[in-house]
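The following exercises are to be worked with the sequence and the model at hand. Each task is followed by a solution in steps.

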Amino acid sequence: MKNLKAVDPQIYELIREEEKRQEEVLEMIPSENYTSKAVMEALGSVLTNKYSEGYPRKRYYQGNRIIDSIETLAQERAKKLFGVPHANVQPYSGSPANAAVYFALLEPFKDKIMGLSLAFGGHLTHGSPVSFSGKYFNIVPYELNEKGLLDYDKIKDLATSEKPKIIVCGATAYPRIIDFKKFGEIADGIGAYLLADISHIAGLIVGETHPSPVSYSDVIITTTHKTLRGPRGAMIMVTDKGLKKDPELADKIDKAVFPGLQGGPHDNQTAAIAVALREAQDKLFKVYIEQVVRNAKALSKELLKFGFSLVSGGTDNHLLLIDLSNKKANPAKGGVNGALVAYALEVAGIVVNKNAVPNDPMPPFYPSGIRLGTPAITTRGMKEKEMVKIASWINQVIEEIKGDELPKEKESRSYFWKEFRRRIKENKRLLGINEEIKKFTQKFPVP
Ligand SMILES: Cc1ncc(COP(=O)(O)O)c(C=O)c1O
């Protein structure tokens, strides 16, 4: 049988190029990671050939004896690792997992979801008006306080007056510990379901560097590809608390996933999730996660030394949010902007994402901040010493582009943005840092 290179040299070459890119840069998008070879082996296996609509021992297709064993193993590993009585490992990804929970428990166009606003670090699927969550359900967004922290008293007041049917806790860009116990009390106080979306911090929960929501929430969803270091995918878990509140809960969730929202599960993905869960049981995973958090803290400390402003003043987890609005060469102008910085950092070999900061006066395309995290670079073996170097590179890049301030006038922005990219791609200082980073990353092999 012909291999990829022979069948499709174009795609083969592009994959090789991407492989090289991933090796040569500092991958610091906090939702990304490098999976193991074992996970990729399962993902690229013959399991991709099979159809298995339904659940183990209740399938609509024949030939699923082995798939049943694989899916059951994945479920059992998830249950053991997180300490829950029920796990559904079929959601294709995090967004469909959240959709399944809403469709299982809510009536569209009637019931309310209360979630952290996208502008304050919540996910699109927590009720943004541009996502199905905001289009099909009534939304009550909550925000962070002026310190960039969750304000549990305010959240309680809002929940009491709005009476949502589901409260979503969990975030995409929140650098601090989430108090699941307080969220549980708030939800119990109004008889709402508590959905903990631990997509970002699942690995930290397994590695015991973040408290678990298991005792306080009814349902938990997580993606499997972030700090958990598995393949792209997701799981929905039901807790004992949830089953006590609603004995039908697990059944409702399962039916919402299939046949409610999805058809056949991706069995290769299920097997790869099972492998990742097995890896996460190993004591080395805890060592890894502890280093992820130590690295994020070390990076924060170094960035603060350079005068960066961090949302909430630092981090307790794997990510940090830099508010760039204090970086102004000319106070009369718009200041350094997240979009420009993210672009310049990439030219230098550091990959992050632009991100809104709480109460951001700027639009989402030109937000005032950047979000960065340590899961992927820690997988490569980097430690606190390397964070000192990385902080210094980040500072050098921003100092280099400090004079490039986004025009305050909206009409001039897109022309400026285009010109900026053209110019910055050839910036000698940034290209010099890129060379240094290429050499540096060679010492930290990708798995
Ligand atoms: C908290 C949270 N929930 C859900 C998702 C959605 O996951 P996916 O991109 O796999 O749909 C994300 C992804 O960034 C997330 O951060």
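**Exercise 1. Determine what share of the residues in the protein is buried, and describe its overall build.**

Step 1. Of the 447 residues in the protein, 49% are buried; a residue is buried if 20 or more other C-beta atoms, placed from the backbone, lie within 10 Å of its own, exposed if 12 or fewer do, and partly exposed in between.

Step 2. The model is a predicted one, in which local features need pLDDT of at least 70 and side-chain atom pairs count only at pLDDT 80 or more, while totals for chains, interfaces and linings use all residues. Residues are numbered from 1 along each chain as its sequence is written.

Step 3. The protein has 18 helices and 15 strands, which are DSSP runs numbered from the N terminus (helices: H or I, at least four residues; strands: E, at least two). Its radius of gyration, 22 Å, is close to the 22 Å that the globule rule gives for 447 residues, so the protein is as compact as a globular protein of that length. This radius is taken over C-alpha atoms, and the rule is 2.2 Å times the number of residues to the power 0.38.

Step 4. Along the principal axes, the C-alpha atoms fill a box of roughly 65 × 65 × 40 Å.

**Exercise 2. Identify the residues with the most contacts inside the largest nonpolar core.**

Step 1. A nonpolar core is a set of buried Ala, Val, Leu, Ile, Met, Phe, Trp, Tyr and Cys residues joined through C-beta atoms within 7 Å. The largest one here has 128 residues, and V101, I167 and I253 have the most contacts inside it.

Step 2. At least three residues of this core come from each of domain 1 (52-281) and domain 2 (291-441); the bounds come from an automatic or database domain assignment.

Step 3. Leaving aside residues up to four places away in sequence, I167 touches M114, A159, F183, I186, A187, A192 and L194. Contact requires C-beta atoms, placed from the backbone, within 7 Å.

**Exercise 3. State the strand order of the open sheet with 7 strands, and examine β9.**

Step 1. The order is β4-β10-β9-β8-β7-β5-β6, with mixed pairing; two strands pair if DSSP finds at least two bridges between them.

Step 2. β8 and β9 run parallel, joined by 3 bridges, and L195 has V219 as its bridge partner in β9. β9 and β10 run antiparallel, with 5 bridges between them; I220 is partnered by M237 in β10.

Step 3. In a regular strand the side chains alternate between the two faces of the sheet. From β9, V219, I221 and T223 point one way and I220 and T222 the other way, and all are buried.

Step 4. Helix α5 (residues 94-105) lies across β5 (112-116), β7, β8, β9 (219-223) and β10 (234-238), at about 160° to β9. Axes are lines fitted to C-alpha atoms, for helices over the stretch in contact, and angles run from 0 to 180 degrees between N-to-C directions.

**Exercise 4. Describe the open sheet with 4 strands and the helices that lie on it.**

Step 1. The strands follow the order β11-β12-β15-β14, and the pairing is antiparallel. Its edges are β11 (309-310) and β14 (353-355).

Step 2. β14 is joined to β15 (residues 369-373) by 3 bridges, and N353 has R371 as its bridge partner in β15.

Step 3. Helix α14 (residues 338-348) packs on the sheet and touches β14 and β15, its direction making about 170° with that of β14. Helix α13 (residues 283-305) lies across β11, β12 (319-323) and β15, at about 20° to β12.

Notes
Two residues are in contact if their C-beta atoms, placed from the backbone, lie within 7 Å.
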